[in-house]
Structure formats: structure tokens, C-alpha cells
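Welcome to a short tour of one protein model.

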Amino acid sequence: MPSPSDMEAVVAVLQERDRFLVTSHEAPDGDALGSLLATALALRSLGKDAIMFLGGEAPLPGEYRFLELESRGLLRALPEDADARVLVAVDCASSARVGAQPGLVEQVPFTVNVDHHHDNPRFGDVNLVVAEASSTGEVLADVLRELGVRLTPEIAEALYIALVTDTGRFQYTNTTPKALRLAAELVEAGADVHRVFQGVYENVQFAKLKLLAKALERARVLEGGEIVVSHLVRGDFEAVGAAEPYSEGIIDVLRSVEGSLVSALIREPPRDGGPARKVSLRSSVDEVDVSAIARKSGGGGHREAAGFSSDLSVDEITDFIVREVAAQIGEPVEAR
């Protein structure tokens, strides 16, 4: 549990400072983008100068196009006055992932860190990390309440996107009574449930479906069905005309395999630079903490959802995952 002073410290900075740079993590998901937008809109409603920023060359996930982030001021290049602004990092589990801009936390004079990842190292000058929260959007809703921000339909919808996506449409174990009460409050404030559902879940690019087909074709069931692993190579993205964010969500399809405890998707980013492979992990049981597995390779995340990067081969990564799952459930497993 965060202390009351954590909330007070964050609220004080947001009240007292006037110029902000709001960002989230690389390869952003719904919680990241919803939290990013909600924070910027809330600060602007208080008369603050708030710029949204996400670096990197990868396009944003297509299912969030309806948020129209760029027309609302999202920058993909760091503004010249970044070192004169307070950085607000939302939904960032580590400083290395902030803004998809290496060294950003070290570059700015002051950082506010608002998150819900239990392994967040509290890299900010002030930190509000609520591990039991369903999403960073839920944490931000409490912050905005303390700030006296009125929930406009736009802010409510951004928070609802953060909430609905990180709870898996209110189906994951992080769906708490508080999360459901917040969802009702956001809908009452004007969040359009149907618009969000259509935008996020019924607006899938055909190339993304073809990429999913390739991942399913390569899927392997290991250890009697307890582990499901698949991989994508760079050529797969090129063959179907898919951008890197199109692989988002594939892991959740693998997770749904009957009898599986852990699922993994290993993918080669379709761009030069950076690690050779990125790995997404999901756990379906309390006995396996995939964030602990990810941390052993420099990554992190939640108990049920985590990831890491690696230069190892697909087979080496698969063997590593199998061994680590076996170590957690206390059974001898022969790596394959």
C-alpha cells in the first residue's frame, strides 16, 4: 500500500508546477495510452501547459486510432524545452522504458512516477505506485479526485480505456469491486462503452489477423499442455504488411489454450537496432509469477503479464522459460 504522503507528494507537484511533459512506456497498450491522454487532459483543464510525448519510430497500435492522439498534440520527437518541464511518467514499470526515449528520466529536472506494477523501482523524484490497483488508470482516477478535476466525457473515456483493457474487459483477476465501481462512475461521466468496444476490439486490421495466423501456425504445446509458446520472425511482419504493434494481443489468444499455465510469444521486431527478440509472458495461475521470470532477463511486469528482451535464440529462450516455470511450480521439467 502506498502511504498517504505518496499521494500528497504527487498531488502537490501537479498543483504547484505549471509545465509538464506527460509520457508512458514504449510499445504502449491501452492502459498506457488511456492514462497518457487522461493525465494531459486533466492537467490542461487545470490551466497547465501539458505536452504528450512518446518517442520511437514504431507506429502506435492501430486499435487506438480513434483516440486521435496526434491531433490532440502528441509529439513523437522530444520537444526542445523538455529539460524545463516536469516529467509525468504513467504506467512505466522501469525508467528504461519511459517515453521510448533512452535516458529521458536522467535528462529532465524532476520526474513524477505514477504506476501499478508491483516491481516498479520507484525511479521518480515522487512516486505513487499502487500494486493492488487494476490499472494505472485506476490510480490516476484517485489522483484526479484529489486534484479536484471534473470528469469530462473525454477524460472519463480515456480512463475507461485504461481500465477495460488492463482488466481484460473485466475478466482478469485484477478486476476488483473498486475497479467495477470506477467503471460505473466513468460511464456516468460520459465514457462511451460502445465506442470504446468498437474502437479497441472490433477494428482489427486484416494484416494483424494474418500475423495472428502465423503465430498460431507455429504455436507449440509443451510439458503436457502446461506451456504454450510461439514465435514471429521479422519476415512475418514484412510478408503480411504488419507493423510492430500488430503483434499486441496475440499472446492473449495463446493464453486461452485449454490447460495452459503459461504462454509466451517470442518475436523479432521488424526494425533495426535494439535487442534481437522481445518476449511476452502470460500466466493463468497464481502459482506462476511471470514477472519474476522476466526480471531474470532484465524485464518486468505483473504476476500475470510480463515481458523482457533478449538476444538469445528462440530455442534458448523457450528452454529458459520452461526451466523457470518448472522451478516455480516445484516440478522437474526437462527443457525441450
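A residue is called buried when its relative accessible area is under 20%, exposed when that area is over 50%, and partly exposed in between. Asp 49, at 34% relative accessibility, therefore counts as partly exposed. Keep in mind that this is a predicted model. The points below are grouped by topic, so you can find each place as you read.

**The cavity**

- The structure holds one cavity of 30 Å³ or more.
- The space in the largest cavity comes to about 60 Å³.
- Which elements give two or more residues to its lining? They are α1 (4-16), α2 (30-45) and α4 (136-147).
- Helix α4 gives the most to this lining, with four residues.
- Among the residues that line the largest cavity are Val 10, Leu 14, Thr 39, Ala 42, Val 88, Val 114 and Leu 140.
- Sorted by class, the lining of the largest cavity has ten nonpolar residues, one polar residue and no charged ones.

- By class, the lining of the second largest pocket has nine nonpolar, two polar and four charged residues.

- Val 204, Phe 206 and Leu 209 make a nonpolar surface patch of about 300 Å².
- Where does Phe 206 sit? Its place is in helix α8 (residues 206-218).
- Phe 206 counts as exposed because its relative accessibility is 58%, and the cut-off for exposed is over 50%.

**Salt bridges around Arg 85**

- How many salt bridges does a search of the whole structure find? The search finds 19.
- In one of them, the side chains of Asp 49 and Arg 85 meet, at 3.0 Å from N to O.
- This pair links distant parts of the chain, 36 residues apart: Asp 49 is in strand β2 (residues 49-53), while Arg 85 is in the loop between β2 and β3 (86-90).
- The side chain of Arg 85 also meets that of Asp 81 in a salt bridge, at 3.1 Å from N to O.
- Is Arg 85 buried or exposed? With a relative accessible area of 4%, Arg 85 is buried.
- Its two partners are listed in another class: Asp 49 is partly exposed at 34% relative accessibility, and Asp 81 is partly exposed at 22%.

**A salt bridge between two helices**

- Arg 145 forms a salt bridge with Glu 185, and their closest N and O atoms are 3.2 Å apart.
- Arg 145 lies in helix α4 and Glu 185 in helix α6 (residues 177-188), so this pair ties together parts that are 40 residues apart in sequence.
- Arg 145 counts as partly exposed at 44% relative accessibility, and Glu 185 counts as partly exposed at 29%.
- Both residues belong to a network of salt bridges that links Glu 138, Asp 142, Arg 145, Lys 178 and Glu 185.

**Positive phi angles**

- Most residues other than glycine have a negative phi.
- Asp 91 has a phi near 65 degrees, a positive value in a residue other than glycine.
- Asp 91 lies in the loop between β3 and α3, and it is buried, with a relative accessible area of 2%.
- Phe 170 is not a glycine either, yet it has a positive phi of about 65 degrees.
- You will find Phe 170 in the loop between α5 and α6, where it counts as partly exposed at 23% relative accessibility.

**Sequence and space**

- Asp 166 and Ala 306 are 140 residues apart in sequence and 12 Å apart in space, C-alpha to C-alpha.
- Asp 166 is found in helix α5 (residues 153-166), and it is buried, with a relative accessible area of 16%.
- Ser 94 and Leu 254 are 160 residues apart in sequence and 26 Å apart in space, C-alpha to C-alpha.
- Ser 94 is found in the loop between β3 and α3 (104-107), and it is partly exposed, with a relative accessible area of 23%.

Terms used: Residues numbered from 1 in each chain as written. Predicted model: local features only at pLDDT ≥ 70, side-chain atom pairs only at ≥ 80, totals over all residues. Heavy atoms only, no water. 1 Å grid on protein atoms, 1.4 Å probe; cavity = no way out; pocket = protein on both sides within 12 Å on 5 of 7 lines; lining within 4 Å. Points joined across faces, edges and corners; volume = space filled by probe spheres on them. Nonpolar A, V, L, I, M, F, W, Y, C, P; charged D, E, K, R; others polar. Patch = residues over 30% accessible without salt bridge, like charges linked within 9 Å, V, L, I, M, F, W, Y side chains within 5 Å. Areas by Shrake-Rupley, 256 points an atom, 1.4 Å probe, with all protein chains shown as cover. Salt bridge = Lys/Arg side-chain N within 4 Å of Asp/Glu carboxyl O. Buried < 20%, exposed > 50% of the residue type's maximum accessible area, 1.4 Å probe, protein only.
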